[in-house]
Amino acid sequence: LAMDLGMIIPMVRIRDNIQQKPNEYMIKIRGVEIGKGEILPNHYLAMNPGTVVQEMEGIETQEPAFGLPALWIPSDQREVAEMNGYTVVEPAAVLATHLTEILKSSCAELLNRQEVENLVNRIKEKNATLVNELLPAQISYGMLQKVLQKLLSERVSIRDLETILETLGDYIGLTREVDILVEYCRQALARTICGQYMDDNGSLHVLILDAQIEKQISESIQKTVSGIRINLNPNTIQQIIN
């Protein structure tokens, strides 16, 4: 996650809870349940990626990270399952994948001001001029935190924090609206963002909205105290989703 998103995740604390089922685990952030699942010792999770030539019997379940249908099979059936075309995953990897996906979707709320300061201090070691010019005189740690949180909420990596800070330094004199500053940062990180979604041939597959829908959305944009909002009625939103 540090390599992918540029954020160091706080230490994960593991606790035993006798109120849970014997093979159940629960993932909490600040004491609130975010996800849970079940893993069976001495078993493997077998998923059908669409290439299974012969179906096997097992304990039906759902893969916890993505909700895909799967089977728990005894460990001695692993090779047979792989030969039949199943994707086979060990229990520890199931838990690690689930935890990783939850952290990716929740890392914005884990980024506190102290962690922002720690990230900035690492940049300061190699580019003190940039940091001293920008923080805290032109932009507060709180505003920088909001910018980084919005990027992380879209799974945009903040690993290139130096470029983000330079971009904020260029535009903070023009606007102090977080949403607009985030947009400038996205543009500066264009190569990084596109690189996340390119296929092996370097092609970027995209979906383009119909011009009429795009016009309808852009005309409904409103600026509020808490940021930019899309003011569309629920029926229109549902039609667009459909």
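Predicted model: local features only at pLDDT ≥ 70, side-chain atom pairs only at ≥ 80, totals over all residues.
**Cores, cysteines and a kinked helix**

Residues are numbered from 1 along each chain as its sequence is written, and side-chain values use heavy atoms, with hydrogens and water left out.

Now step back to the whole chain. Its secondary structure comes to 11 helices and 8 strands; these are DSSP runs numbered from the N terminus, with H or I runs of at least four residues for helices and E runs of at least two for strands. The C-alpha atoms fill a box of roughly 65 × 45 × 40 Å along the principal axes. The radius of gyration of the chain is 23 Å, whereas a compact globule of 242 residues would have one near 18 Å. That radius is taken over C-alpha atoms, and the globule rule is 2.2 Å times the number of residues to the power 0.38. Of the 242 residues, 33% are buried.

What lies inside? In soluble globular proteins, nonpolar side chains tend to be buried together. Here the largest nonpolar core has 47 residues, and those with the most contacts inside it are Leu144, Leu151, Ile164, Leu165 and Leu168. Such a core is a set of buried Ala, Val, Leu, Ile, Met, Phe, Trp, Tyr and Cys residues joined through side-chain atoms within 4.5 Å. Apart from this core lies another, of 9 residues, among them Tyr44, Met56, Leu71 and Ile73.

Leu165 sits in helix 7 (residues 161-171) and is buried, because its relative accessibility is 1%. Beyond residues up to four places away in sequence, Leu165 touches Ile123, Leu130, Val131, Leu134, Leu135 and Leu144, where a contact means heavy atoms within 4.5 Å. Ile123 is 42 residues from Leu165 along the chain, yet their C-alpha atoms are separated by 9.5 Å.

Leu151 belongs to helix 6 (residues 141-153). Leu151 counts as buried because its relative accessible area is 0%. Leaving aside neighbours within four places in sequence, its contacts include Ile164, Val182, Cys185 and Arg186. From Leu151 to Arg186 there are 35 residues in sequence and 7.9 Å in space, C-alpha to C-alpha.

Next, look at helix 3 (residues 91-110), which has a kink of about 45° centred on Lys104. The bend at a residue is the angle between axes fitted to the seven residues ending there and the seven starting there. Among the buried residues of helix 3 are His98, Glu101, Ile102 and Cys107.

How many disulfides does the structure hold? There are 0, a disulfide being a pair of cysteine sulfur atoms within 2.5 Å. For Cys107, the nearest cysteine sulfur, that of Cys185, is 16 Å away. Cys107 is buried because its relative accessible area is 2%. Our opening residue, Cys194, is in no disulfide either, and its nearest cysteine sulfur, that of Cys185, is 16 Å away.

Technical notes. Buried < 20%, exposed > 50% of the residue type's maximum accessible area, 1.4 Å probe, protein only.
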